[in-house]
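Colleague: I'm new to this one, could you walk me through it?
Modeller: Gladly, here it is.

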Amino acid sequence: MKKIVGKYLGTIVILGTLLVAYDLKTNMQMLNTDLQVVQQGFITSNKKGVADAIERLAKHTQELLGNKEKFEKMLPKNKKEKANEAVMSAQIIAHNIQIIRDAIVNKYNQSETIRREEAQRAYTYIEHACFRCHNIVRDVN
Ligand code: HEC
């Protein structure tokens with residue numbers, strides 16, 4: 001009886017771990033899709049496209065990376081300390097999303113050219129935040 005219960009528990013733990021891994025993967029793929037749409041918006045100078053996609057990215061980043069405890073649960077055992085990194089990356093992304101929003105509504109009364117360039121640069125900083133965390137997570141040394 002004990003053996004059977006142990007087996008069941010083991011299976012449940014494995015399934016749970018797989019589900020969490022699946023969750024992280026799907027969430028990351030969602031971020032990736034959001035970022036690609038933002039990129040397309042900039043490349044084709046589609047202001048409305050950027051504005052819409054940036055709001056989706058903001059929402060999904062906050063949901064996934066803004067909560068340290070939640071992200072910690074999603075990370076592999078030997079990467080738990082990366083949860084702090086997640087929160088920092090979320091802040092970097094949020095900061096640059098705000099720069100793009102301000103540029104769109106012309107908060108600082110700047111020329112179209114300057115606003116476009118600042119928003120484009122902020123986009124590359126967001127991408128950089130993704131790379132930064134992936135390098136840490138994937139670094140095997
Ligand atoms: C705080 C860390 C962190 C940040 C920031 C981060 N990721 Fe990830 N990402 C991970 C982890 C952990 C995995 C899963 C392990 C792996 O793929 O190496 C992952 C995996 C992925 C994957 C692969 C999913 C699959 O199919 O296996 C994609 C795509 C991805 N991230 C996109 C992004 C994008 C786009 C951003 C920025 C908007 C981003 N990530 C920001 C930690 C992060």
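Colleague: What should I know before reading?
Modeller: This is a predicted model, where local features need pLDDT of at least 70, side-chain atom pairs count only at pLDDT 80 or more, and totals for chains, interfaces and linings use all residues. Residues are numbered from 1 along each chain as its sequence is written.

Colleague: Which residues of the largest nonpolar core touch the most other members?
Modeller: Among its 19 residues they are Val38, Ile54, Leu57, Ile100, Tyr123 and Ile126. A nonpolar core is a set of buried Ala, Val, Leu, Ile, Met, Phe, Trp, Tyr and Cys residues joined through C-beta atoms within 7 Å, and buried means that 20 or more other C-beta atoms lie within 10 Å of a residue's own, with C-beta atoms placed from the backbone.

Colleague: And which element gives the most to this core?
Modeller: That is α4, with six residues, where helices are DSSP runs (H or I, at least four residues) numbered from the N terminus.

Colleague: Switching to α5, which of its residues are buried?
Modeller: Arg115, Ala119, Ala122, Tyr123, Ile126 and Ala129 are the buried ones.

Colleague: How far apart are its end C-alpha atoms?
Modeller: They are 39 Å apart, which agrees with the 39 Å that the 27 residues of α5 should span at 1.5 Å a residue, taking 1.5 Å times one less than the number of residues.

Conventions: Buried ≥ 20, exposed ≤ 12 C-beta atoms within 10 Å, placed from the backbone. Helix = DSSP H or I, 4+ residues; strand = E, 2+ residues; numbered from the N terminus.
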